[in-house]
Amino acid sequence: MTKRVVEIPASQPMVAILGTGDEYIRLIEGAFPDVDILVRGNQITLEGEDKSVATIETLVSEMLAMIRTGQGLNADSMHRSISLMKSGTRPSELMTANILSTRGKTIRPKTLNQKNYVEAIDQNTVVFGIGPAGTGKTYLAVAKAVQALQAKQVTRIVLTRPAVEAGEKLGFLPGTLSEKIDPYLRPLYDALHDMIDPDSIPRLITSGTIEVAPLAYMRGRTLNDAFIILDEAQNTSAAQMKMFLTRLGFGSTMVVTGDVTQVDLPSGTTSGLRIVSEILGNVEDVEFCRLDASDVVRHRLVGEIVAAYAEYDEVQESKLTAVRTHT
């Protein structure tokens, strides 16, 4: 058992560390039940298991650093910070992993898996980012693409998605082919608008520096000196995935993102994303990064929803396996 007293600087309002209604302290107490926490004045007394006390002490210093650097604290950032500390990573390590700074906003990984994903993109030619919605796999890939373009590591960005219907048929949608396809590409445009001056995007698209197009437009091409992103890759067939990967040219980087639990392909069609790890798992310079519910950086409930659905699917799969075994 260890007892430590952490003194908060008098210049720092305690409510910023404790949270409204002591919310942040309650989160820490819930995550470390083997430590008693007592707050008196500007002192926080920790008493309990040695490792947990040391972790909380470091966490408090990290919280102070986040406040000093203008990061601010909220319930979601506290959840992420606690998770990082438990995994042995200091939140400040992510604070320095900036990808882009634009219009007063800094884009950086916010979880350990996201940091590993970003580092994998730096270190490999082809990277697969596989995980549920909200884990930042597409957003971070677009940020890395813009960073590479600004650093003149590539001469263009190519963003593509398969135009697969999720309950609607393209033929029955109003408008021209371009107008029908545009909604499928909208999330990629949204990410670009967060990172590049919106007024310059049409010019960059017109010049070919940025291309946003359906996957079918990639056939027969070789893409040199480009940062290429295939989004929603779970909706590619095995043949389409092979077609896309073989577009890779010299001086290019490819990032493939998708969620294997959200396949909209017709029944009986195998998702190319589901089988590609079996095919390319041992190929050098190809990296597979897995993200999960703990990496969701949207509203906290999104992570809990994703985890609940994953648990449900696992139970259903177990039941189905049991039925097959008995029959």
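## Worked exercises on a predicted model

The protein chain holds twelve helices and eleven strands, where helices (H or I, at least four residues) and strands (E, at least two) are DSSP runs numbered from the N terminus. This is a predicted model, in which local features need pLDDT of at least 70 and side-chain atom pairs count only at pLDDT 80 or more, while totals for chains, interfaces and linings use all residues. Residues are numbered from 1 along each chain as its sequence is written, and side-chain values use heavy atoms, with hydrogens and water left out.

**Exercise 1.** Describe how helix α6 and helix α7 pack.

*Solution.* Begin with the geometry: α6 (residues 112-123) and α7 (residues 137-150) pack at an angle of about 40 degrees, their axes being 11 Å apart. Here axes are lines fitted to C-alpha atoms, for helices over the stretch in contact, and angles run from 0 to 180 degrees between N-to-C directions. Next, list the residues in contact (heavy atoms within 4.5 Å): Gln114, Tyr117, Val118, Ile121 and Asp122 of α6 meet Lys137, Leu140, Ala141 and Lys144 of α7. Finally, sort them by class, which gives five nonpolar, one polar and three charged residues; Ala, Val, Leu, Ile, Met, Phe, Trp, Tyr, Cys and Pro count as nonpolar, Asp, Glu, Lys and Arg as charged, and the others, Gly among them, as polar.

**Exercise 2.** Classify the one aromatic pair of the structure.

*Solution.* Rings of Phe, Tyr and Trp (its six-membered ring) pair if their centres lie within 6.5 Å, and planes under 30 degrees apart count as stacked, over 60 as edge-to-face and the rest as tilted. The ring centres of Phe128 and Phe288 are 4.5 Å apart and their planes stand at 10 degrees, so the pair is stacked. Then place the two residues: Phe128 lies in strand β6 (residues 126-130) and Phe288 in strand β11 (residues 286-290), so the pair ties together parts that are 160 residues apart in sequence. As for accessibility (buried means under 20% relative accessible area, exposed over 50%, partly exposed in between, with a 1.4 Å probe and protein chains only), Phe128 is buried at 0%, and Phe288 is buried at 17%.

**Exercise 3.** Locate Lys86 relative to the ring of Phe32.

*Solution.* Lys86, a residue of helix α4 (residues 75-86), lies over the face of Phe32 at 5.2 Å from the ring centre; the criterion is NZ of Lys or CZ of Arg within 6 Å of the ring centre and within 35 degrees of the ring normal. The two residues are 54 apart in sequence and 9.6 Å apart in space, C-alpha to C-alpha. Lys86 is exposed, with a relative accessible area of 51%.
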